[in-house]
Every structure is written in C-alpha cells, then in structure tokens.
Amino acid sequence: YTILSKVHSDRNVYPSAGVLFVHVLEREYFKGEFPPYPKPGEISNDPITFNTNLMGYPDRPGWLRYIQRTPYSDGVLYGSPTIENVGKPTIIEITAYNRRTFETARHNLIINIMSAEDFPLPYQAEFFIRNMNVEEMLASEVLGDFLGAVKNVWQPERLNAINITSALDRGGRVPLPINDMKEGVYVMVGADVPFSSCLREVENPQNQLRCSQEMEPVITCDKKFRTQFHIDWCKISLVDNTKQVSTFQEVIRGEGILPDGGEYKPPSDTLKSRDYYSDFLITLAVPSAIALVLFLILAYIMCCRREGVEKRNMQTPDIQLVHHSAIQKSTKELRDMSKNREIAWPLSTLPVFHPVTGEIVPPLHADSYDNTSMPLMQTQQ
C-alpha cells in the first residue's frame, strides 16, 4: 500500500505515481557520521535535524512534504507523486545537522517515479482522523491497520493510500496541550469498486441534518474504526471520477512561426491633428456660463428685491415710530450721563498696607473697575 524505505547514502527509490510515498530519515544512521565526542561508555543522544531540498533549488518539489516533530525524533519525507513527474529522476539533497557539535553530513536521495497501471483509481474517499498526528499515521503499522479497516468496510479488489495531509495544512488550528489532544490528519484512499453502503450512509438526509447541528451521524460501520481511529464522518469526502465529465481540451502547439499576412503593422507616423475646441466648450465654457447665470439671479434677489428702511417706516404707524424714537433718545442720554460722571472710589478699593510686612496690598477691585456699575449715592465720604 505504501513505499517505506530507510535512508542510505545516494540511494535510489522507485515510487509509483498516485501512490503514497514515505521515506524515513533515521537519526541512528546519521549518528555514525559524527565523531563520538562523549566520554567512553556514554551513549550519545545528540539532537539532529534535517534539511531537504531539490538539487539546485532551495525547496522541495510541490508534491513532497517533510516533517520532524523534535530534534530527537526521525524525519519523514512523504507525498504523492503526480503523473507529470514520471520518468524524470528527482534528486533530493539531505543535510543532517548535529546541534551539539554543529557538524553536518549530506546524502542524496534519487527518486525515480514509475507509472502505475491503474492510475488513477476511479473511486476515492478522504477520511479525517481526529486522534492522530501526521507522523503517527505515516508509520507503516498504523497505516496498514487503517487500510485494513477500510478494506474490511469497502471490500475492494485494489486499495491504495493516495495521500496524507495534516489538518494544519488545511487551515486547522494547533490543539491545546491538554489531554494529549491531536491535530488530526486527512487520509485519501482509492479503490476500483464503487463505494459501499456503509460509506454512503453519510449522504442520508438524517445524517446531513445531524452534521449541520454539530452532532455525530449514525454510521453502522463506525465500530470497526472506533477501537483505534476516531473518524469525523461529517468531514468524509467521496469522489467518483467515473461521473465527472472531462473538460480538458488538447492544446495544439504550432511551430512558433506566424502565417503569411500576420505581420505586425505599427500605426503611421503622420497622425491627423485633432480639434479640441468642442472639448473646451463642453468642459469649461458651458459650466462657466451656467455659473454666471446663477450668480446674476442671486444678485438680483439679494440686492434689487430689498424693501429698505423707508418702506418699513411707511408701513409702520406714526405713534409706534414716535414711541420707538423716544426710547432710543432716552437710552442714549442715560449712556452719555453714565460716562461723564466723576464719583470718588469707595474706601474698600483703595490700597492698604500689610500689618506685618508693610507691603502695599492691591485693592479689592481691579483698576478696570466699571464705574457705571457703582451706586449713584455713596454711603462713605
């Protein structure tokens, strides 16, 4: 079901297109590449990390992934080769770093992708396993147990593991470090027979309603997985490639030579002059004329339509005008009298001496005291 190999110096591997490929980078092998600096009798457990890249490039091919959880665990290269890479040797440079001694060791992994006879399998199902991490699922015995459970439910003649993807690569969140929570993993398998009735139970309206209400659907074959794998049946995906209409159109590539009459003809050097007078009238003259007319109308309303003081006096009774004029005259006389009177300041406004320091204390009122607000009759002489 899967190709599982151990790391060796410049080793050739032959995975098949459309089938899961797994390659383990074992720390025990690379320990022999570094000198035994610890004292005799001590067991070396140096932290070792790996860096993998396509020869001549800074990263790996798009179909190949790499994971190493801690420097004290093995690294794993995994992925599903595509049909486009068949017949093209892919050289992966593997660099091991000893984090204690800062030494490095490099090996090459030559991947020769072979074509599969029945690629791709027409019926594909993707399961989401909640209680597994990707490196745990990549172990040969765990993946074999899962494929055995799927084969027992599906009953196909040929069953292949197509791809494995971590839930974090699908937009999932890192789980909290409580109760040994897992991040989850997506496993895609392919078979040559239609889906079984057990897998089709997810498409029932009752189960769809339960999934929309965030409830567990009722699946009869769930007990065959529950002992080891907790599957989220609401996230299962069933793909039937036999019913999909291919929209691919073959592109016919030419020789790269244009036919006769297809030469590029640039515009002529002698361009005709363009008259912008009409554009000027539309953009400037017309708005200016409209603004001038509006200004004249507003000026006529504001200046020529005013009634004025004379017209107001003609419409007002004479007795009211006389009364208003008398009030204005009396007010003016009172204001003139209040400005001209000279009255002595009260004693409270005169400066005094401080009994202790002898300094002059400012008056209670400021110099800008308004004399018009003083009483007309003084009580102090």
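Begin between the two domains: domain 1 (6-113) and domain 2 (123-240) both contribute residues to the lining of the second largest pocket, so this pocket lies between them. The domain bounds come from an automatic or database domain assignment. The model is predicted, so local features need pLDDT of at least 70 and side-chain atom pairs count only at pLDDT 80 or more, while totals for chains, interfaces and linings use all residues. Residues are numbered from 1 along each chain as its sequence is written, and side-chain values use heavy atoms, without hydrogens and water.

Select Gly-18, Ser-80, Pro-81, Ile-162 and Asn-163, which lie nearest the centre of the second largest pocket among its 14 lining residues. A pocket is an open set of points on a 1 Å grid over the protein atoms alone, where a 1.4 Å probe fits, with protein on both sides within 12 Å along at least five of seven lines; lining residues have an atom within 4 Å of a point. The space in this pocket is about 160 Å³, a volume being the space filled by probe spheres set on the points. Its lining comprises seven nonpolar residues, six polar and one charged. Here Ala, Val, Leu, Ile, Met, Phe, Trp, Tyr, Cys and Pro count as nonpolar, Asp, Glu, Lys and Arg as charged, and the others, Gly among them, as polar.

Next, turn to the largest pocket, with a volume of about 220 Å³. Of its 16 lining residues, Phe-128, Ala-167, Glu-183, Gly-184 and Lys-235 are the closest to its centre. The lining of the largest pocket has six nonpolar, three polar and seven charged residues.

From Phe-128, move to Tyr-186, its bridge partner in β11. Strands β9 (residues 123-129) and β11 (residues 185-191) run antiparallel and are joined by seven bridges; two strands pair if DSSP finds at least two bridges between them. Strands (E, at least two residues) and helices (H or I, at least four residues) are DSSP runs, numbered from the N terminus. Now display the open antiparallel sheet of four strands, ordered β10-β11-β9-β12. At its edges are β10 (159-166) and β12 (237-240), each pairing on one side only.

Another open sheet of four strands has mixed pairing and the order β2-β8-β7-β4. Its edge strands β2 (11-13) and β4 (48-54) each have a single partner strand, so one side of each is left without a neighbour in the sheet. Select Arg-11 and its bridge partner Leu-109 in β8. The pairing of β2 with β8 (residues 104-111) is parallel, over three bridges.

Finally, select residues 280-303, annotated "transmembrane region" in an unreviewed UniProt entry. This span is 100% helix and 0% strand, with its end C-alpha atoms 33 Å apart.

Note on methods. UniProt positions renumbered as here; feature names shortened; annotations may be inferred.
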